[in-house]
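Here is a short report on a two-chain complex. Read it with the sequence and the model open.

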Amino acid sequence: MTSKIINMADSIKDAEDRFLESVFRTDSLADNGFSRMVMRRIRRRLWVKRLALPVAVVVGAAVAFKPLVGLVAMLAGILQVVPNDMLETANQALPHLSTYILGAMLLAACLLGLRTIEE
Amino acid sequence: MTRSEDHQLVARVVSGQDANAFGELVSRHQSQVRNFLRKLTGDFALADDLAQDAFMHAWDKLQTFSGSGSFIGWLLKIAYTTFLQSRRRSKRYAEILQDVGQSMVDESRHHSMPAEEVTDLEKLLAVLDEEERAIMVMSYACGLSHREISDATSMPVGSVKSVIFRAKDKIRTNFDIKDHQYG
């Protein structure tokens, strides 16, 4: 009830309000390419957002490449110390380990690609 | 241009980042936002730059639009905040320039209206301070209710009414307008 009274009081206009409305009233502005300019900025921002993740992955991989190679070399050194029996046992347990790893990487790449297309 | 159409377009943008729906919202409301900022700044080029920034902020924050009020009210709130932030930045910039002993920014670079083109509205706005100008423009040029202005300016409704009352009083005093001259 109170809010109705407040709204009613707001909507009651006297001569002064009508006078001010007539002074403040202005013609609507022609677009003149304004909307197009805003949308161009937004589309540019969307592209930057879409490209950010792949670019970050590439840059990260480039930065991490050398340390990763070092890590692999170190692991290879450790594996030489491991007895042959143990390595054979691991191979028997997971005969196609490299295929599994490659498959997982391809799956991740496909999912990323699908997400980009969806966006 | 109905409120529900605006809300449908907002829903389309929020649900699927539909840039075309946002483009429709921009072309629907660009005139009001640019006019609002033109009246606040008195500088057409600056107002259009600020309007672009305001729409960019609106794009970023669109998911925060609750839909309880009008979309134009929400948009003008962003435009007003963008205007205040730019004022703060330009004040700080002027202070830095003064600190290093340089002259102030050349006023002639701005594209404000030439003196002979100053309209009744510009004369009227000149007697109001920044806050009064913004609230009067929202009320009389954009047609926002006191509640919507209160949301846009983060002021209580009572304070909005006081500012409007004060602004009207200033206009009456400065332009020597008597009650019978209205209408």
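## Confidence

Chain B has a mean pLDDT of 82, and 79% of its residues reach 70 or more. This is a predicted model, so confidence comes before detail. Among the elements of chain B, helix 3 has the highest mean pLDDT, 93. Helix 5 of chain B has the lowest, 81.

One stretch needs care. Over residues 103-117 of chain B the pLDDT is below 50. Beyond near neighbours in sequence, this stretch has 11 contacts in the model. Where pLDDT is low, predicted coordinates should not be read in detail. For the complex, the predictor gives an ipTM of 0.72 and a pTM of 0.67.

Chain B contains 8 helices and 0 strands. Its pattern along the sequence is α-α-α-α-α-α-α-α. Of its 183 residues, 34% count as buried. Take the contacts in chain B with a separation of 6 or more: residues 24 or more positions apart account for 64% of them.

Chain A contains 5 helices and 0 strands. Its pattern reads α-α-α-α-α. Buried residues make up 3% of its 119 residues.

## The nonpolar core

The largest nonpolar core has 47 residues. The members that touch the most others are B:Phe36, B:Leu37, B:Leu75, B:Leu76, B:Ala79, B:Val137 and B:Met138. Helix 4 of chain B, residues 71-99, gives the largest share of this core, 9 residues.

What does B:Met138 contact, leaving aside its neighbours within four places in sequence? Its partners are B:Leu76, B:Leu144, B:Ile149 and B:Ala152. B:Leu76 is itself on the list of core members with the most contacts to other members.

## Where the chains meet

The contact between the chains takes 25 residues from chain B and 23 residues from chain A. Helix 2 of chain B gives the largest share, 9 residues.

The side of chain B that touches chain A divides into 12 nonpolar, 9 polar and 4 charged residues.

## A kinked helix

Helix 2 of chain B is not straight. It has a kink of about 55°, centred on B:His29.

B:Gly42 follows helix 2 of chain B. The phi of B:Gly42 is positive, near 70°.

## Positive phi outside glycine

A:Asn32 is not a glycine, yet its phi is positive, about 50°. A:Asn32 lies in the loop between helix 2 (15-24) and helix 3 (34-81) of chain A. Is A:Asn32 buried or exposed? A:Asn32 counts as exposed because 11 other C-beta atoms lie within 10 Å, and the limit for exposed is 12 or fewer.

B:Ser154 is also not a glycine, and its positive phi is about 55°. Its place is the loop between helix 7 (146-153) and helix 8 (157-175) of chain B. B:Ser154 is exposed, with 10 other C-beta atoms within 10 Å.

Key:
Residues are numbered from 1 along each chain as its sequence is written. Chains are lettered from A and ligands numbered from 1 in the order in which they are written. This is a predicted model: local features need pLDDT of at least 70, side-chain atom pairs count only at pLDDT 80 or more; totals for chains, interfaces and linings use all residues. A nonpolar core is a set of buried Ala, Val, Leu, Ile, Met, Phe, Trp, Tyr and Cys residues joined through C-beta atoms within 7 Å. A residue is buried if 20 or more other C-beta atoms lie within 10 Å of its own, exposed if 12 or fewer, and partly exposed in between; C-beta atoms are placed from the backbone. Helices (H or I, at least four residues) and strands (E, at least two) are DSSP runs, numbered from the N terminus. Two residues are in contact if their C-beta atoms, placed from the backbone, lie within 7 Å. Ala, Val, Leu, Ile, Met, Phe, Trp, Tyr, Cys and Pro count as nonpolar, Asp, Glu, Lys and Arg as charged, and the others, Gly among them, as polar. pLDDT is the predictor's confidence in each residue, from 0 to 100. The bend at a residue is the angle between axes fitted to the seven residues ending there and the seven starting there.
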